[in-house]
Amino acid sequence: MRIDIITVLPELLESPFAHSIMKRAQQKGLLEVYSHDLRQFTTYAHAQVDDYQYGGGAGMVMMPEPLIRAIEHFQVERTYDEIIYMTPDGERFEQKVANRLSMKGNLMIICGHYKGIDERIREHFVTMEISIGDYVLSGGELAAAVVVDAIGRLLPGVLNDETSALFDSFQDDMLAPPVYTRPADFRGWKVPQELLSGDPKIVDAWRFEKALERTQQRRPDLLED
Ligand code: ADE
């Protein structure tokens, strides 16, 4: 999978993909992530990419021309399955959305700033709008990093058996069960017997029961459907 991110702050997106699982995914050639500086695509003086909004009001709006020049520049080389705009008024990003996006080939992600991007880009170029939650970030970059990370770890071959995404919270509309590691007795707090039983049936049944219990307590909404 290839992901091109268009941003006014490419340096903000250097670190999130340079470590751990995202780093390995790229080293294995399973994921390519590129951050592109929107200012390289403006023809305005002083690398301007935003302007006052029509109708008045506080806050700048990202101008259409630099964005279109950037989008069309990358579209010459490849077709994008989705052109995603990160925005608090987009579709809520959930595991199901991550699963769906992980099956695509090429994605473009546009990070907004200030009051957002000119509506005409949303109408005519953007194919999907994503929010990572009901709060407003100062820009779309951190939200884009969340989306890329959630998608990247789902790509076949990125996780090994031990870290398999199949057992994540949300994959079965349930939260994950509690987990334990050594020692089996820590300050008198013991690991549940079922996990030490060595019997996969007992272990699975315990995990299912605890996952259900945790979901009922913390996120009953997940069980409603
Ligand atoms: N940009 C600013 N806030 C955001 C959010 N909650 N989700 C996605 N993009 C954003």
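Me: Quick one to start: which residues are exposed on the other side of α2?
Reply: Those are E72 and V76. Exposed has a cut-off here: 12 or fewer other C-beta atoms lie within 10 Å of the residue's own, while 20 or more makes a residue buried and anything in between is partly exposed, with C-beta atoms placed from the backbone.

Me: The other side from what? Which residues of α2 are buried?
Reply: P66, L67, A70 and I71 are the buried ones. They sit on the same side of α2, because they cover an arc of only 130 degrees around the axis. That arc is taken from the directions that run from the helix axis to the C-beta atoms.

Me: Before I go on, what kind of model is this, and how are residues numbered?
Reply: It's a predicted model: local features need pLDDT of at least 70, side-chain atom pairs count only at pLDDT 80 or more, and totals for chains, interfaces and linings use all residues. Numbering starts from 1 along each chain, following the sequence as written.

Me: OK, what pLDDT does the protein chain average?
Reply: The average is 96, and 99% of the residues score at least 70. pLDDT is the predictor's confidence in each residue, from 0 to 100. The model also scores ipTM 0.99 and pTM 0.95.

Me: Back to α2. How far apart are its end C-alpha atoms?
Reply: They're 21 Å apart, which agrees with the 20 Å that its 14 residues, 64–77, should span at 1.5 Å a residue. The expected span is 1.5 Å times one less than the number of residues.

Me: And what covers the buried residues of α2?
Reply: The cover includes strands β1 (2–7), β2 (32–37), β4 (60–62), β5 (82–92) and β6 (106–111), plus helix α4 (119–124). Those names come from DSSP runs, numbered from the N terminus: helices are H or I with at least four residues, strands are E with at least two.

Me: How many helices and strands does the protein chain have?
Reply: Seven helices and nine strands. The C-alpha trace spans about 70 × 40 × 35 Å along its principal axes.

Me: Which domains is the chain divided into?
Reply: Domain 1 covers 2–152 and domain 2 covers 169–223. Their centres, taken over C-alpha atoms, are 37 Å apart. The bounds come from an automatic or database domain assignment.

Me: Let's talk about the inside. How many residues are in the largest nonpolar core?
Reply: It has 43, and the ones with the most contacts inside it are I84, M86, M108, I109, I110, A144 and V147. β1, α2, β5, α3 (95–101), β6 and α5 each supply at least two residues of this core. The largest share, seven residues, comes from α5. A nonpolar core here means a set of buried Ala, Val, Leu, Ile, Met, Phe, Trp, Tyr and Cys residues joined through C-beta atoms within 7 Å.

Me: Which residues does V147 touch?
Reply: Not counting residues up to four places away in sequence, V147 touches F93, I109 and I130. Two residues are in contact if their C-beta atoms, placed from the backbone, lie within 7 Å.

Me: What about I3, is that buried or exposed?
Reply: I3 counts as buried because it has 23 C-beta neighbours inside 10 Å. I3 is in strand β1, and beyond its neighbours within four places in sequence it contacts V33, L107, I109 and V148.

Me: And A98, buried or exposed?
Reply: A98 is buried as well, with 21 C-beta neighbours inside 10 Å. A98 belongs to helix α3, and its contacts, leaving aside neighbours within four places in sequence, are A150, I151 and L154.

Me: Where does D173 lie?
Reply: D173 is also in the loop between α5 and β8. Its phi is positive, about 60 degrees, although D173 is not a glycine. D173 is partly exposed, with 15 other C-beta atoms within 10 Å.

Me: Last one: what is phi of S20 near?
Reply: It's near 50 degrees, a positive value in a residue other than glycine. S20 is in helix α1 (residues 20–27) and counts as exposed, with 10 C-beta neighbours inside 10 Å.
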